[in-house]
Amino acid sequence: MNVLTDDRAEPADADVILIGGGQSALATAYFLRRTNRSFLILDDQERAGGAWLHGWSSLRLFSPAAWSSIAGWQMPSPQTDTPTRDDVIDYLSRYEQRYQLPIVRPVHVRSVTRIGDQLEVRTADRTWRCRALVSATGSWRQPVVPEYAGRELYKGLQIHSAHYVNAEPFAGKRVMVVGGGNSGAQILAELSLVAETIWITQQEPAFLPDDVDGRVLFERATERWRAQQEGRSVEDPTGGFGEIVMVEPVKDARARGVLAAQRPFARFTASGVEWDDGHYEQIDAVVWCTGFKPALAHLDGLGVIEPDGRVEVDGTRSVKQPNLWLMGYGDWTGPASATLIGVTRYARATVEQIDQMLAEPSSTPVL
């Protein structure tokens with residue numbers, strides 16, 4: 001694999017630099033290979049896999065391998081019906097090897113600044129310059145934990161799903177899972193095998209039909225994407241893109257009767273949580289499955305981050321900094337753009353824009 005670890009081994013400049021080494025960066029790099037533009041991937045992980053390296057051990061995808069692949073090469077069929085976290089990590093590692101992608105790791109990008117018509121990318125001890133930049137850092141480093149009164153008083157264990165590995169540390173405990181998405185449902189299902197669980201969600205959880213998986217969700221996202229391209233609106237059907245997919249562990253949890261959720265509590269105490277009506281639950285541990293924010297601190301120096309923590313984009317291209325592209329951060333960078341199968345169309349379009357920009361007379365490629 002063409003992973004560059006020696007400081008003297010990689011160029012100081014490139015036409016395009018990609019920050020992040022997950023599926024969004026790799027899919028974009030696949031299309032960059034088909035141009036004559038030089039490019040470099042800067043990844044802060046120790047090895048291939050991106051955010052999948054930090055998923056919990058039993059994490060399962062929603063779709064078969066054929067519907068869980070990025071551009072150019074289909075994920076090999078795994079032993080199970082749908083791929084696991086480890087299957088995805090193996091696939092992304094082999095993908096890097098297959099296409100000999102130029103990757104420098106581990107390097108953590110601290111800042112990006114403008115230098116004339118170029119962008120300068122800095123780590124603790126290295127600097128690169130490029131004419132186009134693709135930020136594909138995802139959101140794993142920015143977990144969200146909502147504010148609750150008294151949370152600082154609570155003496156039990158608190159962990160975000162970003163750092164949850166498996167149920168073993170929670171065996172025999174009373175565990176509260178907060179969050180009604182797929183991560184909340186899957187982690188609840190696993191924990192409930194070894195612990196007494198309480199599930200807290202903002203609204204009553206919405207479960208998709210058993211026969212709806214990632215393929216159906218991708219088709220719905222594709223319809224939203226087409227509507228955007230055509231300037232029309234489209235209404236999501238009942239059972240939208242963000243609702244709970246009935247993978248086998250969640251079906252099993254349903255059969256065991258553990259999927260009943262309660263509405264949010266009012267406050268923490270030292271040993272549990274309390275509702276406004278005086279109802280109290282003693283809790284040994286809390287697992288926050290409450291989502292993430294985009295990890296964009298490296299772009300602070302460009303002045304492009306809006307008050308909501310996002311970057312204003314036209315498609316995937318920054319409006320305020322036109323040689324910056326944002327890949328794979330969620331629906332604001334394109335419906336299903338943060339999924340394995342969904343990222344390809346955005347990677348292709350992004351590279352077409354980059355190549356066109358670099359072909360303009362004012363955009364002489366960096367040598």
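Arg 174 and Glu 281 form a salt bridge, their closest N and O atoms being 3.0 Å apart; the term stands for a side-chain nitrogen of Lys or Arg within 4 Å of a carboxyl oxygen of Asp or Glu. Arg 174 lies in strand β9 (residues 174-178) and Glu 281 in strand β14 (residues 280-282), so this pair ties together parts that are 107 residues apart in sequence. Strands are DSSP runs of E with at least two residues, helices are runs of H or I with at least four, and both are numbered from the N terminus.

This is a predicted model, where local features need pLDDT of at least 70 and side-chain atom pairs count only at pLDDT 80 or more, while totals for chains, interfaces and linings use all residues. Residues are numbered from 1 along each chain as its sequence is written, and side-chain values use heavy atoms, leaving out hydrogens and water.

By the salt-bridge rule, the count comes to 18. Here are three of them:

| Pair | Closest N to O |
|---|---|
| Arg 174 and Glu 281 | 3.0 Å |
| Asp 355 and Arg 37 | 2.6 Å |

Arg 174 is buried at 17%, and Glu 281 is buried at 13%. Arg 37 is buried at 12%, whereas Asp 355 is partly exposed at 26%.

Technical notes. Buried < 20%, exposed > 50% of the residue type's maximum accessible area, 1.4 Å probe, protein only.
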